Amino acid sequence: MPLKIYKQKRNFKKTPEPSGKQLKTKKSKRIFVVQKHRASHLHYDFRLELGKVLLSWAVPKGPSKNSKIKRLAVHVEDHPVSYASFEGTIPEGEYGAGTVEIWDQGTWENVDKYPKKAYKSGNLTFILYGKKLTGAWKLIQLKNNPKNWLLFKIKNPQV
Ligand code: MN
């Protein structure tokens, strides 16, 4: 039940967010999306499709295209793939209350031979094909606090 936490946090009678019914997606083109989320604190939700879900991180300052700047990306619960097209207002009192708008979207390609393994080991390298975000990026999990990862652009996608 990969979306258990996602579903536990939400009341789908009250929030317009997708309930997480699985949709079939083409494996060859994995999607990514960045959603600008004006919740109690503005942040950017960075999501990569992998397996049947969107792996998700909340990036308080948003991704930086400057490869010298590493941005904190707090790992959050997996979201359904259908969430990638969600925009709207989550009502007050509900989890994540506030507005959600798509800030960037596109597809991504793994640089790691085994992206699931790379994700589980906390070191993921990938190429983004978005409108705002392109090129090679990395997500690295911090050892001292496994919820915290760093998201940053790299110049050379050598694993
Ligand atoms: Mn969010």
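I began with strand S4, which is joined by four bridges to strand S9 (residues 148-154), the two running antiparallel. Strands here are DSSP E runs of at least two residues, helices are H or I runs of at least four, and both are numbered from the N terminus. I count two strands as paired if DSSP finds at least two bridges between them. In S9, Asn-148 is the bridge partner of Val-74.

I noted the ground rules next. This is a predicted model, where local features need pLDDT of at least 70, side-chain atom pairs count only at pLDDT 80 or more, and totals for chains, interfaces and linings use all residues. Residues are numbered from 1 along each chain as its sequence is written, and side-chain values use heavy atoms, with hydrogens and water left out.

**Entry: S4 and its other partner**

I looked up S3 against S4. They pair in the antiparallel sense, over five bridges. Trp-57 has His-75 as its bridge partner in S4. I then checked how covered S4 is. Eight of its ten residues are buried. Buried means under 20% relative accessible area, exposed means over 50%, and partly exposed lies in between (1.4 Å probe, protein chains only).

**Entry: Ala-73**

Ala-73 is found in S4. Its relative accessible area is 0%, so I list Ala-73 as buried. I asked for its contacts, meaning heavy atoms within 4.5 Å. Neighbours within four places in sequence are set aside; Ala-73 then touches Trp-57, Ala-58, Val-59, Leu-139, Lys-147, Asn-148, Trp-149 and Leu-151. I also took one distance: Ala-73 and Phe-32 are 41 residues apart in sequence and 15 Å apart in space, C-alpha to C-alpha.

**Entry: Gln-35**

I moved to strand S1 (residues 30-38), where Gln-35 has its place. Gln-35 is buried too, because its relative accessible area is 0%. Leaving aside neighbours within four places in sequence, its contacts include His-43, Asp-45, Arg-47, Tyr-83, Phe-86, Val-100 and Trp-103.

**Entry: the manganese ion**

Which residues coordinate the manganese ion? I found His-37 (ND1), His-43 (NE2) and Asp-45 (OD), at 2.2 to 2.3 Å. Donors are N, O and S atoms within 2.8 Å of the metal (3.2 Å for Na, K and Ca); water is not among the atoms, so sites may look incomplete. In sequence the donor residues are spaced H-x5-H-x1-D. His-37 is buried at 8% relative accessible area, and Asp-45 is buried at 5%.

**Entry: largest pocket**

I ran the pocket search on a 1 Å grid over the protein atoms alone: a pocket is an open set of points with protein on both sides within 12 Å along at least five of seven lines, a cavity is a set where a 1.4 Å probe fits but cannot get out, and lining residues have an atom within 4 Å of a point. Grid points are joined across faces, edges and corners, and a volume is the space filled by probe spheres set on the points.

The largest pocket has a volume of about 230 Å³. Its lining has 17 residues, with His-37, His-43, Asp-45, Tyr-95 and Gly-96 nearest the centre. Strand S2 (42-50) and strand S4 (71-80) are the elements that give two or more residues to this lining.

**Entry: second largest pocket**

This one has a volume of about 160 Å³. Its lining includes Pro-2, Leu-50, Asp-78 and Tyr-119. Strand S3 (53-59) and helix H2 (115-120) each give two or more residues to the lining. H2 supplies the largest share, three residues.
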